[in-house]
Amino acid sequence: MTTPEEKTKAEQLAERAELAPREPLEMPYLRAIPQPTPWPILAAFGVTFIFAGLVTNWVVSVVGAAFALVGIIGWFREVFPHENVEAIPVADCEAVLPPPVFEPRPAKSPRNVVPEEIHPYRSGLKGAVAGAVAMAVVAAGWGLIDEGSLWMPINLLAGTVLPSVGEATLEQLRLFNGVWFATAVAVHVCLSLAVGMVFVVSLPMMPRRPLLAGGLIAPIIWTGIAWATLRVVNPTLEQYISWPWFLGSQIAFGLACAMVIARSTKVRLHIGRSFEDRMGFEQTEGDES
Amino acid sequence: MQWAISVDHKKLAMMYIGAGLIFFLVGGIEAAFMRLQLAQAGNEVVDPATFNQLFTMHGTTMVFLVGMPILLGFGNYLIPLMVGARDMAFPRLNAFGFWLFIFGGLLLYFSYVGADGLYGAGTAPDVGWFAYAPLTSRTFSRGNSTDYWILGILVSGFGSMTTAINFIATILCMRCPGMKLMRMPMIAWMMLVVAFLVLVAIPILTAAQAMLLFDRTLGAHFFDPETQGSAILWQHLFWFFGHPEVYILILPAFGFVSEIMPTFSRKVLFGYPLMVAATVGIGFISLGVWAHHMFVVGLGPVLDSFFGATTFLISVPTGIKIFNWLGTMWGGRIQFTTPMLFVTGFVAMFVIGGLTGIMLATVPMTWQLSDSYFVVGHFHYVLFGGTVFGIFGALFYWFPKATGRLLDERLGKWTFWLLFIGFTLTFMPMHVSGALGMPRRVYTYEADRGFEIWNLISSIGVPVQMAGVALFLWNVVRTLRKGEVAGDDPWDAWTLEWGTSSPPPEWNFDRIPTCTSARPLWDRKHPEDPDAHYE
Amino acid sequence: MTALNANPSTGPLKAPLSRAKVGMACLIFMESAFFSAFLVTYLYYIGKSPDGPQPLECLELNLVLINSVCLLSSSVTVVLAVRSLARGAMGAFRLWLAVTILLGLEFLLGTGYEWWGLIEDKGLTIQSNAFGTNFYSLVGFHAFHVFVGLVLLIGVFILSLFGCINPKRDHQRVDVATWYWHFVDVVWILVFTLVYIVGRVPQGAAA
Ligand code: HEM
Ligand SMILES: [Cu+2]
């Protein structure tokens, strides 16, 4: 393309002409605008008075109805059989206002800055699996070492959704319970996947150190929130929880998940790339570890 | 006179916004009196009956006579300019709708002198902005004040509905060549969804108000429990309107942010298609969450869980928007002009309001917090920190287009910081007093409950905000007299309204523009690298 | 990227929607929301009105069936009228329009007669009980909309008598105006089903 400076005035005009005219089919007022008219305000006034009459005096309503009627008839005649418009002679307005000219600016502003490279979403799923396992190990460790029961953390996790867990005795919490187990597994899987996806989306946005952000800062913040709110939201559950271990399990998840994601090969973002491509599913073989 | 008979969408829009700002001052004064009364325990600035009128009129005014008209006014101004049309689809209907809003508002305020009824003196409505039954029955609400509330809102509601029809017809039928739906400025999308919500929600309110009117004037039995009526039914109808209404009040502000943020980040809006999808999603989901305002009624666990879940669901598209705005700013060359300050303030404040909203959508939590000052804190964070900040941002951004003169930046920044600090002072402590158990809508409280300090801080914020608003008004007056001339395109922006003169001629464009991408002006300014190549 | 200039299409929009049609569709949408509030309320109160006159004893089908047939067939005649107008057959247009208006008038008068009977003989008023409240509100609002539609049609009829309707120029407009009439019809089907079929259960049964 030629740079703007090289264009002659005539070329520029020709270009503008190409961009501009051509009235579309149904543009209602070609170069005409509707005439001012008093009927709408009269009709609105009448309608309001009709209602105002209900709280004042029926005469007000009658007056309002009369106004409204006159307004509506006048309004109708304004649009029927032809809309009452004021034509603006083209020559005139061209004289009054020069058509907009946009000095082409050789600005170098970035059109769209997004993370240029992202982790493929698939790695988020992998990270979720890794994190889920790591977390389960730590939690099981807590159960076995501190509480003497592998089932304790599992049952407590089920307690986040099942109210009945809250009423159970400590003995019951230490025993295996099929329903609770299934619930806990479901909760664990869903939450892990969700957090994995959040990680994969947000890690490229984090300044430089993904392991620090995902593996340490996020778990600490999250533990803090849980610590602060759980005693209000679910006090029964809270009394069983050991917060250091809780933090440990969160960090285990965060580190494992962030590590897996960070090690995946990044994909370049390109405007116009297909959806599958962006999802990371259309890679050539061997592209990804 | 010229203005009274005008059907020009720009003139009508300016009247909408001007009238809305006047009502804003009125509603603000009402609020100031409430805060004065509550500044200390046991104050006696106003008596209890007056206090009830104050909060009723404040809420009603701010929602129906400030929020709606200003936002619809911006829609009126911007839609034709942004989609490249010469006027709205139905210019006369547009004028009709505007005047209905004005007369409806005047009818409501006429109650201060006119609602004599049994007491023999003028009284304003005092049943709260949601006018719960059976407080509105003739037994408990003597005189005509409640009737004025019904009729004033009814009439201005008609105005909103006609305007919504106009918006939809304009957006669907009047776009300039090349302006495909997915190239429309974000505001047009927002206004389209808003208009849809108006068409669904306002008729429900109209119907409910008609029923209430029948109850009160003809002796019908819709809402009076003593005569087989159902008070809960009113709540259902009102909130079926009420929740979409709050989205009517926030979506246009989302639109402002989505236009202003890219301009001052010097980047395109991040994730335009996702933004459109989220907007439409919000539009639909917001029709199915209304009973989260009724958790304390005792609807039963099934309904409570359902409405809790849908309410959580709505925060997903809302969150998408937040991230899109952050994505827009990310890596941009950010210019903190006054409009940009307001919209970044918007995002921050709105996030806080959204989070307290999620807290309130948690049923057991709402059992504790409902009808406390916590709720007042929540909705002021979304309505003031959200909608009003958005409106101020838009005022500063489009003022040069409408008048040809730039508002003063230095005064503008003062306005922002005063409003921001005053706002935080006033509304942040409400979360605390609410959590401590202070109920809303009480005219005073006892001294030893631990509420005093928080209320005092809340009240101190008021003069700060008033100073901010006063500065803004002074800025407007000064700018109109001797402000810096803006030129057609002071912000180097990319939507069509900046492609015509400031202020635009009555016919908007000398030639109907054409549109080659979502940023038509960018394409014209940068023929070497137009957006059209990327879409 | 390939295909740089793939779609800078600047041509006119393909088939621009008519703003009259969109406007009318919006109006109808809005009115539907309005009626759905009353319909749902009616449904809610079915069987919850133990005292006073009951639907089963008050509502009789004979008259209302005649009314319904009139209103529903008026939808057909109005279509015939519009078709005639599109053909330019002004005589047939006026005839069918007149028939439509008469059918609509029958409906309104029939409803009035029914109400008169209900008030005088059955003692059912808007104050009687929840049933009366809902019945008069719902049916009344529908009748009001029929009235508005009739005014619209009568207006068109009068214009056509004075020769102000030009087939070429106006047949679109008249067509759009009759959408409203069809809408009123559809609402009646819902109202009828709810009030005269579903709602005629013994009141208090569900309470
Ligand atoms: C994430 C989004 C949001 C959620 C989850 C949410 C949730 C809630 C809930 C549960 C309540 C009821 C509190 C109660 O009375 O106990 C409430 C009240 C309220 N919300 Fe929101 N909200 C959200 C966004 C908004 C927005 C955007 C607005 C307006 C712009 C808004 C305005 C209001 C208002 C005005 C009330 C109080 C109504 C009244 O009782 O007078 N909310 N919100
Ligand atoms: Cu809500």
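How much area do chain C and chain B bury between them, and what percentage of it is on carbon and sulfur atoms? The two chains bury about 3300 Å² between them, with 69% of that on carbon and sulfur atoms; buried area here is the accessible area (1.4 Å probe) that two parts lose on being put together, summed over both. The model is a predicted one, so local features need pLDDT of at least 70 and side-chain atom pairs count only at pLDDT 80 or more, while totals for chains, interfaces and linings use all residues. As for bookkeeping, residues are numbered from 1 along each chain as its sequence is written, chains are lettered from A and ligands numbered from 1 in the order in which they are written, and side-chain values use heavy atoms, with hydrogens and water left out.

Back to the interface. Chain C puts 40 residues into the contact and chain B puts in 42 (contact means heavy atoms within 4.5 Å). Salt bridges between chain C and chain B come to 0, a salt bridge being a side-chain nitrogen of Lys or Arg within 4 Å of a carboxyl oxygen of Asp or Glu. Polar contacts do turn up there: 9 residue pairs, both at pLDDT 80 or more. A polar contact is a pair of N or O atoms within 3.5 Å; within protein, one must be able to donate a hydrogen and the other to accept it, and residues adjacent in sequence count only if both atoms are side-chain atoms. On the side of chain C that touches chain B, the elements giving two or more residues are α1 (19–45) and α5 (130–161) of chain C. Of these, α1(C) supplies the largest share, 16 residues. Helices here (H or I, at least four residues) are DSSP runs, numbered from the N terminus. By residue class, that side of chain C splits into 21 nonpolar, 16 polar and 3 charged; Ala, Val, Leu, Ile, Met, Phe, Trp, Tyr, Cys and Pro count as nonpolar, Asp, Glu, Lys and Arg as charged, and the others, Gly among them, as polar.

Now for the metal. Three histidines hold the copper ion (ligand 2): His243(B) through ND1, and His292(B) and His293(B) through NE2, at 1.9 to 2.1 Å. Donors are N, O and S atoms within 2.8 Å of the metal (3.2 Å for Na, K and Ca), and water is not among the atoms, so sites may look incomplete. The donor residues follow an H-x48-H-H spacing in sequence. His243(B) sits in helix α6 (residues 231–265) of chain B, and His293(B) in the loop between α7 (272–285) and α8 (301–329) of chain B, so this pair ties together parts that are 50 residues apart in sequence. His243(B) is buried at 6% relative accessible area, whereas His293(B) is partly exposed at 28% (buried is under 20%, exposed over 50%, partly exposed in between; 1.4 Å probe, protein chains only). The copper ion (ligand 2) and the iron atom of ligand 1 are 4.4 Å apart.

Over all chains, the structure holds 10 salt bridges. One of them joins Glu409(B) and Lys413(B) at 3.6 Å, N to O; the two are 4 residues apart in helix α12 (residues 409–435) of chain B, about one helical turn. Another pairs Asp170(C) with Arg173(C) at 3.9 Å, N to O. Asp170(C) is buried at 0%, while Arg173(C) is partly exposed at 37%. Shared partners join Arg169(C), Asp170(C) and Arg173(C) into one salt-bridge network.
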